[in-house]
Amino acid sequence: MPTHQTTTPRRPRYIYIGRVYVLELRPEALKERSFREQNSDCGGQPGLGCLYVGSTDDVEKRIRIHLEGPGPGDNPRVRGSKLVRKHFLRRREDLEPFDVYETSGHATLAEALEAEFLRDAGYRVYSN
């Protein structure tokens, strides 16, 4: 509790602006055990395509980390997906939701919901 009355509210240390992103993967991703486990009902068929769904506050930087690994100045604990590194084709902005999330928890929940939505639409989806 402050010892004196403050007139201005405290500024947050960090404002998170999260987004959900969608990456298209090659159909060979279906050969990966981890991908098949998340798409066990597909019978090995690619459907409308293979996708990776993730969430982050900086999409371009996150894709770079997926493909090249963390660089200088990046958090070394944030690693890219080996599945994305091996099977990446392109970013699918046409499948990404427009929403922006204020907490990482909201972005993570939106990531799971987007993955389910895309599975229901006929895509094969991998998501952490």
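1. The sheet. Four strands make up an open sheet, ordered E3-E1-E2-E4, with mixed pairing. Strands pair here if DSSP finds at least two bridges between them. Helices (H or I, at least four residues) and strands (E, at least two) are DSSP runs, numbered from the N terminus. Strand E3 (88–91) and E4 are at the edges with a single partner strand each, so one side of each has no neighbour in the sheet. On average, neighbouring strands of this sheet are turned by 35 degrees against each other, direction ignored.

2. Basis. The model is predicted: local features need pLDDT of at least 70, side-chain atom pairs count only at pLDDT 80 or more, and totals for chains, interfaces and linings use all residues. Residues are numbered from 1 along each chain as its sequence is written, and side-chain values use heavy atoms, with hydrogens and water left out.

3. Partners of E2. Strand E1 (residues 19–25) runs antiparallel to E2, and seven bridges join the two. Across this pairing, Glu24 stands opposite Leu51, and Leu25 stands opposite Cys50. With strand E4 (residues 124–127), E2 pairs in the parallel sense over four bridges. There, Cys50 is opposite Arg124.

4. Burial of E2. Buried means under 20% relative accessible area, exposed over 50%, and partly exposed in between (1.4 Å probe, protein chains only). In a regular strand the side chains alternate between the two faces of the sheet. Both faces of E2 are covered: Cys50, Tyr52, Gly54 and Thr56 are buried on one side, and Leu51, Val53 and Ser55 on the other.

5. Leu51. This residue lies in strand E2. Leu51 has a relative accessible area of 1%, so it counts as buried. Beyond its neighbours within four places in sequence, its contacts (heavy atoms within 4.5 Å) include Val22, Leu23, Phe35, Leu95, Leu118 and Tyr126. Leu51 and Leu95 are 44 residues apart in sequence, and their C-alpha atoms are 9.9 Å apart in space.

6. Helices on the sheet. Helix H2 (residues 59–68) lies across E1, E2 and E3, at about 40 degrees to E1. Helix H4 (residues 104–120) packs on the sheet and touches E1, E2 and E4; its direction makes about 165 degrees with that of E2. Axes are lines fitted to C-alpha atoms, for helices over the stretch in contact, and angles run from 0 to 180 degrees between N-to-C directions.

7. Aromatic pairs. The structure holds three aromatic pairs. One of them is Tyr21 with Tyr52, tilted, at 6.3 Å centre to centre and 40 degrees between the planes. Tyr21 lies in strand E1 and Tyr52 in strand E2, so the pair ties together parts 31 residues apart in sequence. Tyr21 is buried at 1% relative accessibility, and Tyr52 is buried at 2%. Phe35 and Tyr126 form a stacked pair, 6.2 Å centre to centre with 15 degrees between the planes. This pair links distant parts of the chain: Phe35 is in helix H1 (residues 33–38) and Tyr126 in strand E4, 91 residues apart. Rings of Phe, Tyr and Trp (its six-membered ring) pair if their centres lie within 6.5 Å; planes under 30 degrees apart count as stacked, over 60 as edge-to-face and the rest as tilted.

8. Aromatic cluster. Which residues form one aromatic cluster? They are Tyr21, Phe35, Tyr52 and Tyr126. Phe35 is buried at 0% relative accessibility. Tyr126 is buried too, at 12%.
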